[in-house]
Amino acid sequence: QVQLVESGGGLVQPGGSLRLSCAASGNTNSIYAMGWYRQAPGKQRELVAVITSGGTTTYGDSVQGRFTISRDYAKNTVYLQMNSLNVEDTAVYYCTGNFNSYWGQGTQVTVSS
């Protein structure tokens, strides 16, 4: 089993930046991909970014060029650097392992002036 714990959410003004972290524990050897999804009120959950063990990254269209995903393999931690945030980025952000196999509890990101 794998446990994922997110941190770094909060309130930020439009145009600002925020960095999320997600630490994995448990059977981390089974993880080949880590990523982030988000869900805004009244909307479906959507892919934000994913990074594989080989370093391949995939981004959702709405965050391409603004968000950057990275991974520290030694610490079993994945990061999401979010720049140029806008109100449409407001959502609960979930860390995932192996795409949909494992989920964190979520962290709230609110972009508001």
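Buried means under 20% relative accessible area, exposed means over 50%, and partly exposed is what falls in between (1.4 Å probe, protein chains only). This is a predicted model, where local features need pLDDT of at least 70 and side-chain atom pairs count only at pLDDT 80 or more, while totals for chains, interfaces and linings use all residues. Residues are numbered from 1 along each chain as its sequence is written, and side-chain values use heavy atoms, with hydrogens and water left out.

View 1. Trp-103 has a relative accessible area of 31%, so Trp-103 is partly exposed. Tyr-94, at 15%, is buried. Rings of Phe, Tyr and Trp (for Trp, its six-membered ring) pair if their centres lie within 6.5 Å; planes under 30 degrees apart count as stacked, over 60 as edge-to-face and the rest as tilted. Here the centres are 6.1 Å apart and the planes stand at 75 degrees, so Tyr-94 and Trp-103 make an edge-to-face pair.

**View 2. Arg-45 sits over two rings.** A charge counts as over a ring if NZ of Lys or CZ of Arg is within 6 Å of the ring centre and within 35 degrees of the ring normal. Arg-45 lies over the face of Tyr-94, 4.3 Å from the ring centre. Arg-45 also lies over the face of Trp-103, at 4.6 Å from that ring's centre.

View 3. A search of the whole structure turns up 3 aromatic pairs, and one of them is Tyr-32 with Phe-99. Their ring centres are 6.3 Å apart and the planes meet at 50 degrees, so this pair is tilted. Strands (E, at least two residues) and helices (H or I, at least four) are DSSP runs, numbered from the N terminus. Tyr-32 belongs to the loop between S3 and strand S4 (33-39), and Phe-99 to the loop between S9 and strand S10 (102-103), so the pair ties together parts 67 residues apart in sequence. Tyr-32 is partly exposed at 45% relative accessible area, and Phe-99 counts as partly exposed at 35%.

View 4. The structure holds 1 disulfide, a term for a pair of cysteine sulfur atoms within 2.5 Å. The partners are Cys-22 and Cys-95, with their sulfur atoms 2.0 Å apart. Cys-22 is in strand S3 (residues 18-26) and Cys-95 in strand S9 (residues 91-97), so the link connects distant parts of the chain, 73 residues apart. The angle about the S-S bond is -80 degrees, making the link left-handed. Are these two cysteines buried or exposed? Both Cys-22 and Cys-95 are buried.

View 5. Two strands pair if DSSP finds at least two bridges between them. The 4 strands run in the order S1-S3-S8-S7, with antiparallel pairing. At the edges are strand S1 (2-7) and strand S7 (67-72), each pairing on one side only. Inside the sheet, S3 pairs with strand S8 (residues 77-82) in the antiparallel sense over 6 bridges. Leu-18 has Met-82 in S8 as its bridge partner.

**View 6. Asp-61 lies in a loop.** Look for Asp-61 in the loop between strand S6 (57-59) and S7. Its relative accessibility is 76%, so Asp-61 counts as exposed.
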